[in-house]
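Hi everyone, thanks for making the time. Let me put the sequence and the model up on the screen, and then we can walk through them together.

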Amino acid sequence: MGTKSRTLCRGVCPKCGRRGTIIIKVIHGKEYVYFRHGRQWCYVGPARRIPIEKLIELAASEVRRA
Ligand SMILES: [Zn+2]
């Protein structure tokens, strides 16, 4: 099929601001970042241009504040 995906961890979606699961999809050898909120998905962008660590850190700091 040529499409793989892997689940990273939870974080905060930069598109809609909700918590979700970070998914990396590999399509034709390129990595793309998606967020999954239950049945809804948000496309964030190409993995190279997305600071994924920042998304995870953001989630961690939100937990600390709550
Ligand atoms: Zn989202």
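Let's start with glutamate 31, and ask: is glutamate 31 buried, exposed or partly exposed? Glutamate 31 counts as partly exposed, because 16 other C-beta atoms lie within 10 Å. For the cut-offs, a residue is buried with 20 or more other C-beta atoms within 10 Å of its own, exposed with 12 or fewer, and partly exposed in between, with C-beta atoms placed from the backbone.

Before I go on, this is a predicted model, where local features need pLDDT of at least 70, side-chain atom pairs count only at pLDDT 80 or more, and totals for chains, interfaces and linings use all residues. Residues are numbered from 1 along each chain as its sequence is written.

Back to glutamate 31, which sits in strand E3, residues 30-37. Strands here are DSSP runs of E with at least two residues, helices are runs of H or I with at least four, and both are numbered from the N terminus. Setting aside neighbours within four places in sequence, glutamate 31 has contacts with Ile24, Val26 and Ala47; a contact means that the two C-beta atoms, placed from the backbone, lie within 7 Å. Lysine 4 is 27 residues away from glutamate 31 in sequence, while their C-alpha atoms are 9.2 Å apart in space.

Now let's zoom out. The chain has 1 helix and 4 strands, and along the sequence the pattern reads β-β-β-β-α. Of its 66 residues, 12% count as buried. Among contacts with a separation of 6 or more, 31% join residues 24 or more positions apart.

How are the strands arranged in the sheet? They form an open sheet of 4 strands in the order E1-E2-E3-E4, with antiparallel pairing; two strands pair if DSSP finds at least two bridges between them. Strand E1 (3-12) and strand E4 (40-46) are at the edges with a single partner strand each, so one side of each has no neighbour in the sheet. E3 and E4 pair in the antiparallel sense over 6 bridges, and phenylalanine 35 has cysteine 42 in E4 as its bridge partner.

Histidine 28 counts as exposed, because it has 6 C-beta neighbours inside 10 Å.

That's my tour, and I'm happy to take questions!
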